[in-house]
Amino acid sequence: MATSTLTSSLVTSNPKTSSFHGTPIPSRITSIKSIPQQNNNNNNTNNNIISMSLSTQSYDLNSFKFQPIKESTVSREMTRRYMTDMITYADTDVIVVGAGSAGLSCAYELSKNPNISVAIIEQSVSPGGGAWLGGQLFSAMVVRKPAHRFLDELEIEYDEQEDYVVIKHAALFTSTIMSKLLARPNVKLFNAVAAEDLIVKGGRVGGVVTNWALVSMNHDTQSCMDPNVMEAKVVVSSCGHDGPFGATGVKRLRSIGMIESVPGMKALDMNAAEDAIVKLTREIVPGMIVTGMEVAEIDGSPRMGPTFGAMMISGQKAAHLALKALGKNNAIDGTYEVGVEAPDLVLASAETQDIVDA
C-alpha cells in the first residue's frame, strides 16, 4: 500500500497554520506586468507591452492577432475532454454533491491526497453556493476563530479582530479555494449538473443519479428524459439548507425510508449553531456523509446566519470521515502521520453496516 501524502491534523500549535494543513499548490502563473516600450521615431507616446510569464515573447496590444483555428477543433476539444472526464469519474472514490463553502472545503481537503479521486456535482452554472456574498447581499465575510487558520492556509487576507476575522469580500474566499482546488489533477467539477437521486444497494449509498440541471428543472414540461449515473465509494452530501435544490440528499433518504425525519433547522443562534454543525457532521447512513447546512436540516439544529467558519471546518471534517471510510490516513482517528496506511477498508463495498463515528 502506498504511503499517504496527506499531512492534515486536527490540532496545530502554529496560529498561522490551518488546523488542516496540507501542501499548497505552487502557482504556475505569475502576475501580469506592464512594461513601458521605448519611444520610436513615428510615435512619441510610450506603448505598453503586456508580458505574461507563460509567453515566450511579449506581445503588442496595438497589433495583436490570434492564431487561426477551425470551429470544429474547438468543439472537439471541449467534447473530448468532457466525455473523457465522464468516463473517468463514472466510478470514483468520493462524490461531493454541492459546491458551496462546505462542499468546496471538503473537496479541497480530500484533494490533498493525490490517490483520492474526487468528483464534485453542482447544479448551478456558478459554484460557490451562498459564499459569494455575506449576509443580506453585503460583501464582507465573517469567520470566527480559530477557523481563520484555514484562511491562512489558503493565503486569504483578512481584517483580524479579537475573536473573529473579516474578509473584505466573500468572493475572495470562494474564488481562491476554487482556483486552488480545480488546479489539482485528481478533482473534476461537474457544474450545471444535478444529482436527481441516489444509488442505493443493500442499504448502502453507492453513488448518485445525475442529469443536466436544466433537464431536471423541466421534467414536467418535456417527455421522459432519463438520467445518467456515477458510482462512488463514498458520497458527501453538502446540498445546503432547504430550498429548490437544498437538502436534497437527506430529503431523499427520508423518502426512501433510510432515515425517519428531516425536521429542518431551528431559528438563528450563531454561537450554538456553528459548534453544532461541526460536531454533528457525520456519516448519516452507510456510504453517505452529510456536511454543512444540510446537517442542520436533519438534526434540527439552529441556523448560524452570515458566519462561515462552520461551513469550512464541517467540510474538512467530512473529508476526513471520508478518508477514514476509505481506509486512508485521516485526522479523525489520528492516523494522519502514520507512515503506512490502513488495509483496504472500503466502506462502500464492505459487508458490515457499521457507520463511521464522528
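Does Gly-130 count as buried or exposed, and at what relative accessibility? At 58% relative accessibility, Gly-130 counts as exposed; here exposed means over 50% relative accessible area, buried under 20%, and partly exposed in between, with a 1.4 Å probe and protein chains only.

A word on the model first. This is a predicted model, in which local features need pLDDT of at least 70 and side-chain atom pairs count only at pLDDT 80 or more, while totals for chains, interfaces and linings use all residues. Residues are numbered from 1 along each chain as its sequence is written, and side-chain values use heavy atoms, leaving out hydrogens and water.

**Annotated positions**

Gly-130 sits in the loop between E5 and E6. Helices (H or I, at least four residues) and strands (E, at least two) are DSSP runs numbered from the N terminus. UniProt, in an unreviewed entry, gives the feature "binding site" at several positions, including Glu-122 and Gly-130. Its positions follow the numbering used here, feature names are shortened, and annotations may be inferred rather than shown by experiment.

Glu-122 belongs to strand E5 (residues 118–122), and among the residues it touches are Gly-98, Pro-127 and Phe-190; contact means heavy atoms within 4.5 Å, and residues up to four places away in sequence are not counted.

Another record from UniProt (unreviewed entry) lists Cys-224 for "modified residue: 2,3-didehydroalanine (Cys)". Cys-224 lies in the loop between helix H5 (213–216) and strand E12 (228–237), and is exposed at 67% relative accessible area.

**Strands**

Five of the five residues in E5 are buried. Val-118, Ile-120 and Glu-122 point one way from this strand, and Ala-119 and Ile-121 the other way. E5 runs parallel to strand E4 (residues 91–97), joined by four bridges; two strands pair if DSSP finds at least two bridges between them. Within this pairing, Val-96 stands opposite Ile-120.

Elsewhere, three strands form an open antiparallel sheet in the order E6-E8-E7. Its edge strands are E6 (141–144) and E7 (159–160), each pairing on one side only. E7 and strand E8 (residues 164–167) are paired over two bridges, with Asp-159 opposite Val-166 in E8.

**Salt bridges**

Side chains of opposite charge can pair when their charged atoms come close. A salt bridge here is a side-chain nitrogen of Lys or Arg within 4 Å of a carboxyl oxygen of Asp or Glu, and by this rule the count comes to twelve. Some of them are listed here.

| Salt bridge | N to O distance |
|---|---|
| Glu-109 and Lys-112 | 2.8 Å |
| Glu-153 and Lys-112 | 2.9 Å |
| Arg-144 and Glu-274 | 3.0 Å |

Arg-144 lies in strand E6 and Glu-274 in helix H7 (residues 270–280), so this pair ties together parts that are 130 residues apart in sequence. Arg-144 is partly exposed at 24% relative accessible area, whereas Glu-274 is buried at 6%. Salt bridges that share partners also join Glu-77, Arg-80 and Arg-81 into one network.

Turning to Lys-112, its relative accessibility is 9%, which counts as buried. Glu-109 is buried too, at 0%.
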